[in-house]
Amino acid sequence: SQRIDEVLSYVQPDVHLYTFLPAGADPLAVTDWSTYLNAAAASGKVVELPPHALPFSDTIVGFPRVGGGFVGKGYDTLLQPTFDGHYVELGDDIDGYIGHIFANFRIWPTVKQTGSNKAFRSIRGTQAVYHRVWLGSLEDYGADGHMIRTGFSFERFAEIVITGQSQIITETDGIQMHGGAGGTFGAEILIDDRVRFLHCDAAVHIGGGCGGVYIGSIDVSLCGIGVNVTRGIVDVANREIFLGPETVLDVCSNFNLNVEGSAAFRVMLTGTWIASCSNSAAALIRSAPMVDALKPIIHMVGGRLFNAQGDATQLSGCKLILDGTEVADNGLDAVAGGHGINAVNAAVELYLNGVHFRGTGNATKGYAVNAVAGVTGSIKGCDFATSGQAHINNLSTTLEVRGNRGWATEARGQNQIAGLASSVTFAHGLNGTPLVQITPRTIIGNSAAQYWRVTSDATNITVQANTALNSTPWAFNWHAEVP
């Protein structure tokens, strides 16, 4: 935001909105600014808006292909639609629109917006900046309710920046975007610097054909879905999506991050805070079943998955990679419980490396990792503590589990069959039934004892000689590993 502020400090408005009024008109007596706002838009200039309400009754259109925009005086500059429709519409299906700027004002209508209408609709917008643009009621959401249907809509875009300590309250999507049907012209959009989303059905909807989506410092709270990755607007997979260390997806009633079937090539999260899904039937992260051969990669480095009433993750069709992530205090619903990683489809791949699991679920539903048969991948170097059920429910023979703390899969030691005995049984301390290798340390004293056999179960190892020994014990080394 500091860099954007520096840029804006050099963007001096070319003209004031009052310039477009008839000579001698009293600005405070104007009851409908539609004509003057549209004239200002068509001028192609950066127009300064005054610090008072500007009611208008028709969509602001007519921006030229290159340049122009509105810069207000902050929160007191109020664009106040008195109609149901798009409020600001920029661009068309023919040419790209380049270099527009909108900054330092708010939009709050007097008439509820319905249907597919948007506060801002941008078509083929390029190199545009939206800085400190507030959408919605900032005074009393409870009393005012949803008046704006959809916030920002970017249709086939390039190089868009939305930034700057603003707040977005909408009925459906706060920010909605999609590329072209051929997977083109939906690239490079940055949402950053304390943009706050409240009470949206989805804070950010990445609706198909988008790539280079960078989500930085945002705060999502009390929304249905935080970031919704779909092919629902354009049926083309999204490409690369990045969420950063100052991205907070908090208190969502459905999914904090939702990736629909085959909806993205890669979602990369670095240090992201994802917390407090309030619906025990939902999850912090969800991947839906694949609809074609594309398997999304969801890769999280560091960060936290925390405080879900149900599962931390519900995975049906993705490759999930967690590196050093904390998965803590999930499955908090006292009745329903929940798992940490819940891989419910054989198409899922899990690669969990150095993940810290604690405080998962209850005795009915509470595995730190629950993997159905067919899930592939590995769980290595993780820490497990305080799961309501066992830490891992691995029903898959293709999921490798090695070198974890709190969930032992390999052990070794020394033991012996005592003199005059024919067998010894001892606990291995592993989670699962191991394969066991025996290496003699001494010679069997009884020549009649020609061989031994080993059996194991989930608790013990038994080493059985074919006959009782003489008075000399037989010592051996043992190595056990759960496959």
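**Parallel strand pairing and salt bridges**

Strand S32 (residues 349–353) and strand S35 (residues 376–380) run parallel and are joined by 5 bridges. Strands here are DSSP runs (E, at least two residues), numbered from the N terminus. Two strands pair if DSSP finds at least two bridges between them. The model is predicted: local features need pLDDT of at least 70, side-chain atom pairs count only at pLDDT 80 or more, and totals for chains, interfaces and linings use all residues. Residues are numbered from 1 along each chain as its sequence is written, and side-chain values use heavy atoms, with hydrogens and water left out.

Glu349 stands opposite Thr376 in S35. S35 also pairs with strand S38 (residues 399–402), again in the parallel sense, over 4 bridges. In that pairing, Lys380 has Arg402 of S38 as its bridge partner.

Lys380 also takes part in a side-chain contact. Its side chain meets that of Glu400 in a salt bridge (3.7 Å, N to O). This pair links distant parts of the chain, with Lys380 in strand S35 and Glu400 in strand S38, 20 residues apart. A salt bridge is a side-chain nitrogen of Lys or Arg within 4 Å of a carboxyl oxygen of Asp or Glu. Lys380 is partly exposed, at a relative accessible area of 36%. Glu400 is partly exposed as well, at 35%. For these classes, buried means under 20% relative accessible area, exposed over 50%, and partly exposed in between (1.4 Å probe, protein chains only).

A search of the whole structure finds 21 salt bridges. One of them joins the side chains of Lys73 and Glu48 (3.4 Å, N to O). Lys73 lies in the loop between strand S4 (69–71) and strand S5 (78–81), and Glu48 in strand S2 (residues 46–48); the two are 25 residues apart and link distant parts of the chain. Lys73 is exposed, with a relative accessible area of 52%. Glu48 is partly exposed, with a value of 21%.

Another salt bridge forms between the side chains of Asp93 and Arg156 (2.7 Å, N to O). Asp93 sits in the loop between strand S6 (88–91) and strand S7 (97–98), and Arg156 in the loop between strand S11 (150–155) and strand S12 (158–163), so the pair ties together parts that are 63 residues apart in sequence. Asp93 is exposed, with a relative accessible area of 55%.

Salt bridges also form a network. It links Arg304, Glu326, Asp329 and Arg358.
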